[in-house]
Amino acid sequence: MASSLNVAVQMDPLEHINIDGDSTFALMLEAQARGHSLYVYEVPSLALGEGVVAPNAPAQARVSAELRPVTVQREKGNHATFGQAARCSLGEMDVVLMRQDPPFDMAYITATHLLDHVHGIGPDKALVVNDPRWVRDSPEKLLVTHFPHLMPPTLVTWDIGQIRAFRAKWRDIIVKPLFGNGGSGIFRIKEDDQNLNALLEMHFARSREPLMIQRYEPAVKAGDKRIILVDGAPVGAINRVPSEEDHRSNMHVGGVARKVALTERDKEICATIGPFLKEHGLIFVGIDVIGDYLTEINVTSPTGLQELERFDGINGAAAIWECIEAKLKA
């Protein structure tokens, strides 16, 4: 075990989480059990500016936030006890966990730019997990397109004609916003569905972003597998099975988690993408696999740690902290 670390967690309000399913809570419990000191802050308290904490300090010492010391316990309704908040340089921390939920919008991207000033190991630096530059450069539905041989047939475009041609070829398709999360805004459009044009009109009237279109994979009825990787290596998986009323398997929209084992194809996918993740500081990653196909690489705020431990007894949070501690020692 490493010596005690100061750990700042950038997250949505800790008071409102589900302690039985939240992966950030699992990471905090494990950090505390390892003797580390915890602090939390929310993105709107971030600041980069001269004299905010230390006059004439280098840029990395001028990235600050309103940090609240916290202790956590698995007790519903009383899972967090806070100390007095104070504005501190994030460079005084050893580790910053970037764990706020998407949407992956300009606010999210700006936060990664501010954390770039801090990220590293050494004086006035903190190891940011995951590396903010590569979180910014790895949108979850776009990073996967760098591995097209692992994906189902996929199209990313603004062009309505291209989308219609894709549907004509594959007949049964999935339409996704590029930067959503939790299954929000994902539609299945079958060959005889007359809603495609209206759906496209509605999306492009409200957004300048392209859409991702994929061939529908019937294997999703058996589940959408979430595989947890730590520093590029798989540690385990859970299966998320959609309800009878919905084609989506995300647990935010009614999908149910089930125990599942890794297949040889799963291991092949992990071996292919693992070196990229390890090289680019993407320590905690959750990938989504439907049947034989990789559909997403989640690097912003992956989930699944508590379900993995519940089903298989695998402490993914401990594996993540062991990796972080080893990097700091090295």
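This report walks through the overall build of a predicted model, one of its sheets, and a few residues in their surroundings.

## Ground rules

In this predicted model, local features need pLDDT of at least 70 and side-chain atom pairs count only at pLDDT 80 or more, while totals for chains, interfaces and linings use all residues. Residues are numbered from 1 along each chain as its sequence is written, and side-chain values use heavy atoms, with hydrogens and water left out.

## Overall build

The protein has nine helices and 17 strands; these are DSSP runs numbered from the N terminus, helices being H or I with at least four residues and strands E with at least two. Its radius of gyration is 21 Å, close to the 20 Å that the globule rule gives for 330 residues, so the protein is as compact as a globular protein of that length. That radius is taken over C-alpha atoms, and the rule is 2.2 Å times the number of residues to the power 0.38. The C-alpha trace spans about 65 × 45 × 40 Å along its principal axes.

Of the 330 residues, 52% count as buried (under 20% relative accessible area, with exposed meaning over 50% and partly exposed in between; 1.4 Å probe, protein chains only).

## A five-stranded sheet

Next comes an open antiparallel sheet with its strands in the order β15-β14-β13-β16-β17; two strands pair if DSSP finds at least two bridges between them. The edges are taken by β15 (256–259) and β17 (293–298), each with a single partner strand, so one side of each is left without a neighbour in the sheet. From one strand to the next the twist averages 30°.

Within this sheet, β13 (residues 224–230) and β16 (residues 284–290) pair in the antiparallel sense over six bridges, and Arg226 stands opposite Asp288 in β16. Helix α8 (residues 305–312) lies across β13, β14 (233–241), β15 and β16, running at about 90° to β14. Here axes are lines fitted to C-alpha atoms, for helices over the stretch in contact, and angles run from 0 to 180 degrees between N-to-C directions.

Asn130 sits in the loop between β8 (127–129) and α3 (132–136) and counts as buried at 4% relative accessibility. Its side chain makes two polar contacts (N or O atoms within 3.5 Å; within protein, one must be able to donate a hydrogen and the other to accept it, and residues adjacent in sequence count only if both atoms are side-chain atoms). One is with the backbone nitrogen of Ile283 at 2.7 Å, and another is with the backbone oxygen of Phe284 at 2.9 Å.

Leu150, in the loop between α4 (140–143) and β9 (154–157), is buried with a relative accessible area of 1%. Beyond four places in sequence, Leu150 touches residues including Ile269, Ile273 and Tyr293. Glu296 belongs to strand β17 and is buried too, with a relative accessible area of 10%. Leaving aside neighbours within four places in sequence, the contacts of Glu296 include Lys141, Lys176 and Asp288.

## Helix α2

Which residues of helix α2 (residues 106–116) are buried? They are Tyr108, Ile109, Ala111, Thr112, Leu114 and Leu115. An α-helix has 3.6 residues a turn, so residues three or four places apart point the same way. At the start of α2, a side-chain oxygen of Asp105 reaches to within 3.2 Å of the backbone nitrogen of Ala107.

Conventions. Contact = heavy atoms within 4.5 Å.
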